[in-house]
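Colleague: Before I use this model, I would like to go through the terms applied to it and hear what each of them rests on.

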Amino acid sequence: MKKFFSVEDVVDIYDLIKEALLLKKNPYSFQHIGKNKTIGLVFFNPSLRTRISCQKAAFNLGCSTWVLDIHRDSWTIEMDDGNVMNLTQEHLKEAISVMSLYCDILAVRTFPNLSDKNYDDQEIIFNKILNYSRVPVVNMESATLHPLQSLADVMTIAEYTSFFRKKCKVVLSWVPHVKSLPHSVANSFAQWISKIKQIDFTITCPERYNLHKKFSNGAYITHHQNEAFINANFIYAKNWSSYLDYGKILCKNPNWMITENKMKLTNQAKFMHCLPVRRNLVVEDAVLDSKYSIVLQQAKNRIYASQIIFLRILQSLS
Ligand SMILES: NCCC[C@H](NC(=O)CCC(=O)O)C(=O)O
Ligand SMILES: NC(=O)OP(=O)(O)O
């Protein structure tokens with residue numbers, strides 16, 4: 001594997017999930033591969049899980065890591081080309097080129113601006129980073145996708161379905177939020193799920209909240225949340241801002257929150273969320289604290305999702 005931007009960089013997703021689950025059983029089996037290797041983790045946005053699970057994954061492979069939180073620790077970075085840099089201190093071009101000299105894999109988080117749809121859709125920043133880096137780049141959540149999260153999510157579903165032996169219904173449900181949030185987690189989840197043929201996939205969201213067709217292709221889409229929940233085996237809750245009215249918050253209706261009563265419509269569905277989650281805005285305490293919630297299993301699988309990706313890249317280096 002030469003880079004990890006999306007599911008399209010994966011040859012066989014079933015194989016990848018299987019190997020990641022094997023790593024979970026035997027996390028130190030490839031400790032030799034990371035000897036004298038370094039993974040650089042660069043954050044243009046906050047993180048808890050991605051940052052620490054990637055560090056743990058690297059540790060499991062015998063690699064060292066360094067982390068740079070751009071806004072807290074570094075110079076102000078100029079992202080655009082051709083500007084007179086009166087207000088910014090270092091250009092992305094030098095910053096990424098230099099950082100890539102200090103590691104063997106460069107993992108980067110760059111959220112969308114949510115104001116210029118084309119700019120975000122074309123992944124301008126991530127593509128510049130790919131271009132400037134001398135080493136393979138891993139996506140830790142970009143303008144449109146969060147593939148490490150989605151890999152952990154499909155691994156979690158695999159664990160609860162005896163590796164997809166049972167057909168299952170997965171529902172991605174939009175939920176309310178007070179902030180304008182990216183589409184990356186939802187897009188990426190839809191993209192990965194659509195590659196697994198045993199999954200019957202539904203997306204439910206308010207009017208004008210449909211995701212880009214490129215990612216939601218193949219899903220059954222309904223604006224009636226209750227209808228979507230019937231017979232569901234997994235409810236994946238996530239807020240995103242409107243895609244059509246790009247980045248806008250058009251709905252704050254609290255009736256979209258996931259409640260215990262709504263979960264009763266399902267087939268004893270497991271509750272999933274990528275975290276961080278705002279309690280009693282997105283989901284009721286009673287659901288998050290119930291035995292149906294598998295958010296911590298998802299978070300744990302973030303380690304092995306990163307680990308299998310780092311492993312595949314390290315194997316391709318040697
Ligand atoms: N990496 C997981 C999700 C990150 C981000 N959530 C957030 O920014 C929520 C923060 C808040 O609740 O203010 C998102 O939706 O893409
Ligand atoms: N789920 C996830 O990516 O969490 P962080 O934003 O805390 O890394």
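Predicted model: local features only at pLDDT ≥ 70, side-chain atom pairs only at ≥ 80, totals over all residues.

Colleague: What makes you speak of domain 1 and domain 2?

Modeller: The division comes from an automatic or database domain assignment, which gives domain 1 as 7-145 + 302-317 and domain 2 as 148-298. Taken over C-alpha atoms, the centres of domain 1 and domain 2 are separated by 25 Å.

Colleague: How many residues does each domain bring to the contact?

Modeller: Residues count as in contact if their C-beta atoms, placed from the backbone, lie within 7 Å, and by that criterion domain 1 contributes 23 residues and domain 2 contributes 20 residues. On the side of domain 1 that touches domain 2, α1 (13-25), α2 (49-60) and α13 (295-317) each supply at least two residues, and α13 gives the most, with five residues. By class, that side of domain 1 has 14 nonpolar, five polar and four charged residues.

Colleague: Why is ligand 2 said to lie between the domains?

Modeller: Ligand 2 lies between them because domain 1 and domain 2 both give residues to the shell around it. A residue belongs to the shell if its C-beta atom lies within 6 Å of the ligand, and those around ligand 2 include Arg49, Glu141, Gln149 and Cys274. The shell has four nonpolar, three polar and two charged residues.

Colleague: What makes strand β5 (residues 105-109) mostly covered?

Modeller: A residue is buried if 20 or more other C-beta atoms lie within 10 Å of its own, and five of the five residues of β5 are buried. Ile105, Ala107 and Arg109 point one way from β5, whereas Leu106 and Val108 point the other way, and all are buried.

Colleague: How do you know that β5 pairs with β1 and with β6?

Modeller: Pairing requires at least two DSSP bridges between the strands; β1 (residues 38-43) and β5 run parallel and are joined by five bridges, while β5 and β6 (residues 137-139) pair in the parallel sense over three bridges. Gly40 stands opposite Leu106 in β5, and Val108 stands opposite Asn139 in β6.

Colleague: Why are β9 (220-222) and β11 (270-272) called edge strands?

Modeller: Each of these two strands pairs on one side only, in an open sheet of five strands with the order β9-β8-β7-β10-β11 and parallel pairing. From one strand to the next, the twist averages 20 degrees.

Note on methods. Residues numbered from 1 in each chain as written. Chains lettered and ligands numbered in written order. Contact = placed C-beta atoms within 7 Å. Helix = DSSP H or I, 4+ residues; strand = E, 2+ residues; numbered from the N terminus. Nonpolar A, V, L, I, M, F, W, Y, C, P; charged D, E, K, R; others polar. Buried ≥ 20, exposed ≤ 12 C-beta atoms within 10 Å, placed from the backbone. Axes fitted to C-alpha atoms, helices over the stretch in contact; angles between N-to-C directions.
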